[in-house]
Amino acid sequence: MDGRVRQHLVIDGDDTLWENNIYFEDAAEAFIDFLDHSSLTRDQVRATLDEIERLNLGVNGYGSAAFGRNLQATYERLAERQIRTEDLEHLLELARRVVSQPMELRPAVEETLQQLSPRHDLTLFTKGEQDEQTLKVERSGLAGYFNRVVVTPEKDVEAYRELVIKHGFDPDATWMVGNSPKSDINPPLAAGLGAVYIPHPRTWSLEVVEVIESERLLVLDGFAQLLDHF
Ligand SMILES: [Mg+2]
């Protein structure tokens with residue numbers, strides 16, 4: 001690729017631009033403490049929560065409200081004591097706390113966007129609930145570097161096809177940048193776009209799948225390395 005040619009860079013938000021999953025992980029740990037199961041290990045409780053999240057994705061979607069409902073469902077399945085209304089309310093509060101965490105940008109994000117922004121067309125493409133993701137974008141202070149912000153309920157092949165058609169992007173000059181193989185890498189490659197994979201060590205387990213092989217896949221150690229390629 002010729003870095004001097006203006007490209008369409010489509011960039012993920014959660015765990016690419018800012019920390020996100022660590023707050024869900026912390027809430028899951030607090031949930032396991034609260035459940036205080038007599039025989040299941042922490043990993044076994046966590047596996048049950050993962051399974052319930054997987055089953056409910058189509059119904060509950062993504063975000064803190066969905067997470068709260070999944071914590072409740074896991075509690076109802078595993079609790080060894082009578083389930084009280086105030087306990088279920090406490091679980092919703094654990095989930096709500098996830099969105100009130102301070103916004104912490106990933107390393108080198110802002111200075112890298114500063115340099116990319118005049119050279120390329122930038123789209124922030126984030127998956128989740130409209131209001132919750134819009135609030136994160138506002139709190140990040142990064143919106144000004146982007147030509148547009150798009151919140152999508154799902155990042156599948158169809159979502160990428162729609163994105164490039166709607167905005168008239170040339171697929172050969174379009175790259176998705178993100179941390180999730182399931183959402184940011186495999187679907188855009190399947191849709192004929194390029195993909196830039198920047199792994200995050202604490203990516204949500206439901207987002208980790210095998211990355212498909214492609215000539216249009218770049219794997220980088222960190223966000224600043226985008227400047228070596230674009
Ligand atoms: Mg992400």
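Predicted model: local features only at pLDDT ≥ 70, side-chain atom pairs only at ≥ 80, totals over all residues.
Student: How many aromatic pairs does the structure hold, and what is the angle between the planes of Phe24 and Phe67?
Tutor: The structure holds five aromatic pairs. One of them joins Phe24 and Phe67, whose ring centres are 5.1 Å apart. Planes over 60 degrees apart count as edge-to-face, and this pair is edge-to-face, with an angle of 85 degrees.

Student: Which helices does the pair of Phe24 and Phe67 tie together?
Tutor: The two residues are 43 residues apart in sequence, so their pairing ties together separate parts of the chain. Phe24 belongs to one helix and Phe67 to another, the latter spanning residues 64-78. The helices are α1 and α3.

Student: How far apart in sequence are the parts tied together by Tyr62 and Trp204?
Tutor: Tyr62 and Trp204 form an edge-to-face pair, at 6.2 Å centre to centre and 85 degrees between the planes. Tyr62 sits in the loop between α2 (42-60) and α3, whereas Trp204 sits in the loop between β5 and β6. The pair therefore ties together parts whose separation in sequence is 142 residues.

Student: What relative accessibility does Trp204 have?
Tutor: Tyr62 is buried, at a relative accessible area of 9%. Trp204 also counts as buried, as the limit is under 20%. The value for Trp204 is 16%.

Student: In what order do the six strands lie in the open sheet, and which strands stand at the edges?
Tutor: The six strands pair in the parallel sense, in the order β3-β2-β1-β4-β5-β6. Two strands have a single partner each, so one side of each is left without a neighbour in the sheet. These edge strands are β3 (148-152) and β6 (217-219).

Student: Over how many bridges do β1 and β4 pair, and which residue in β4 stands opposite His8?
Tutor: Strand β1 covers residues 8-11 and strand β4 residues 174-178; the two are parallel and pair over four bridges. Within this pairing, the residue opposite His8 is Thr174.

Student: Which residues donate to the magnesium ion?
Tutor: The protein donors lie 2.1 to 2.2 Å from the ion. In sequence, the donor residues follow the spacing D-x1-D-x164-N. With their atoms, they are Asp12 (OD), Asp14 (O) and Asn179 (OD1).

Student: How many residues apart in sequence are the parts that Asp14 and Asn179 tie together?
Tutor: Asp14 lies in the loop between β1 and α1 (21-35), and Asn179 in the loop between β4 and α8. Both residues are buried. The pair thus ties together parts at a sequence separation of 165 residues.

Notes:
Residues numbered from 1 in each chain as written. Heavy atoms only, no water. Pairing = 2+ DSSP bridges. Donors = N, O, S within 2.8 Å, 3.2 Å for Na, K, Ca; no water. Buried < 20%, exposed > 50% of the residue type's maximum accessible area, 1.4 Å probe, protein only. Phe/Tyr/Trp six-rings, centres within 6.5 Å; stacked < 30°, edge-to-face > 60°.
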